[in-house]
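Subject: Structure for your files

Hello,

Here is the structure you were to receive, with my notes below it. Please read the notes alongside the coordinates.

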Amino acid sequence: MSIAEILTAKGRAADLLSAARAAFLSQGYKKTSVAEIAEASEISMAHIYNFYPSKIDLACAVVAAEVVKLVARLETITDPNASASARLSKFLLMEFEETYRLLELNRGLADCLQVVERKRPQDYEELFRFVRQPIHTILHSGNLAEEFDLREVRQVARHIHAATTKFRFPQLHSAEPHEIQRKECVGVIKLILRGVEKR
């Protein structure tokens, strides 16, 4: 394949992903058809299947792109000069706020997340391992600065990630209003900090 063909393919793949994103995030997985995405992207259905073998593969790509953008935003929100405790607290609280906001702005995202979790649990878990990496980095830097005294940083990152699951895309886990969920999140963050800070 020539460079021009590669660039054209990448451009068409981007068009396809953009059309799929618009459809999935506004309507959800169940109400979106590949035919509709084909029409919006002006790519034939046969050609779509060259990029993504199935509708669920396309949905996984859309969800993955949203999670990658989310993590990039969260990493820029935390002040690299702040203490590890302050960065961890800010990261976890902003993860709550940003994922809450994402679901409010993109009504179909909840459906897509649930379908990906159910139909592709290994892909779903891989995405959230990616979300866990910044927590690991903060904990590791806290250890280096002797702010934390953690023997198994990777395991502690897993535990924190598990403890805060309810606050990641919180509308999937609770019908409580935002303010009540936020207060619960702040309380859990305080407990986490007590557990990791050096005494």
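Which residues line the largest pocket? They are Glu117, Tyr124, Glu125, Phe128, Arg132, His161, Thr165, Arg168, Phe169, Leu172 and His173. Before the details, some conventions. This is a predicted model, in which local features need pLDDT of at least 70 and side-chain atom pairs count only at pLDDT 80 or more, while totals for chains, interfaces and linings use all residues. Residues are numbered from 1 along each chain as its sequence is written, and side-chain values use heavy atoms, with hydrogens and water left out.

Confidence and fold

The mean pLDDT (the predictor's confidence in each residue, from 0 to 100) is 91 for the chain, and 94% of the residues reach 70 or more. Residues 1-9 have pLDDT below 50, and beyond near neighbours in sequence this stretch has two contacts in the model. Contact means heavy atoms within 4.5 Å.

The chain has nine helices and zero strands; helices (H or I, at least four residues) and strands (E, at least two) are DSSP runs, numbered from the N terminus. Its C-alpha atoms fill a box of roughly 60 × 45 × 25 Å along the principal axes. Of the 199 residues, 44% count as buried, where buried means under 20% relative accessible area, exposed over 50%, and partly exposed in between (1.4 Å probe, protein chains only). Among contacts between residues at least 6 apart in sequence, 71% join residues at least 24 apart.

Core

The largest nonpolar core has 60 residues. Such a core is a set of buried Ala, Val, Leu, Ile, Met, Phe, Trp, Tyr and Cys residues joined through side-chain atoms within 4.5 Å. Phe24, Ile37, Leu88, Leu139, Ile160 and Val196 have the most contacts inside it. The largest share of this core, eleven residues, comes from α4. Leaving aside neighbours within four places in sequence, Val196 is in contact with Leu88, Leu139, Glu147, Phe148, Asp149, Leu150, Val156 and Ile160.

Pocket

The largest pocket holds about 170 Å³ of space. A pocket is an open set of points on a 1 Å grid over the protein atoms alone, where a 1.4 Å probe fits, with protein on both sides within 12 Å along at least five of seven lines; lining residues have an atom within 4 Å of a point. Grid points are joined across faces, edges and corners, and the volume is the space filled by probe spheres set on the points. Helix α7 gives the largest share of the lining, four residues.

Phe169 is buried, with a relative accessible area of 3%, and its phi is near 55°, a positive value in a residue other than glycine. Glu146, in the loop between α7 and α8, also has a positive phi, of about 60°, but Glu146 is exposed, with a relative accessible area of 56%.

Gln181 is in helix α9 and is buried at 1% relative accessible area. Not counting residues up to four places away in sequence, Gln181 touches Phe96, Tyr100, Phe167, Pro170, Gln171, Ser174 and Glu176.

Ser41, in helix α2, is buried at 5%. With the exclusion of residues up to four places away in sequence, Ser41 touches Arg12, Asp15, Leu16 and Ala19.

Regards
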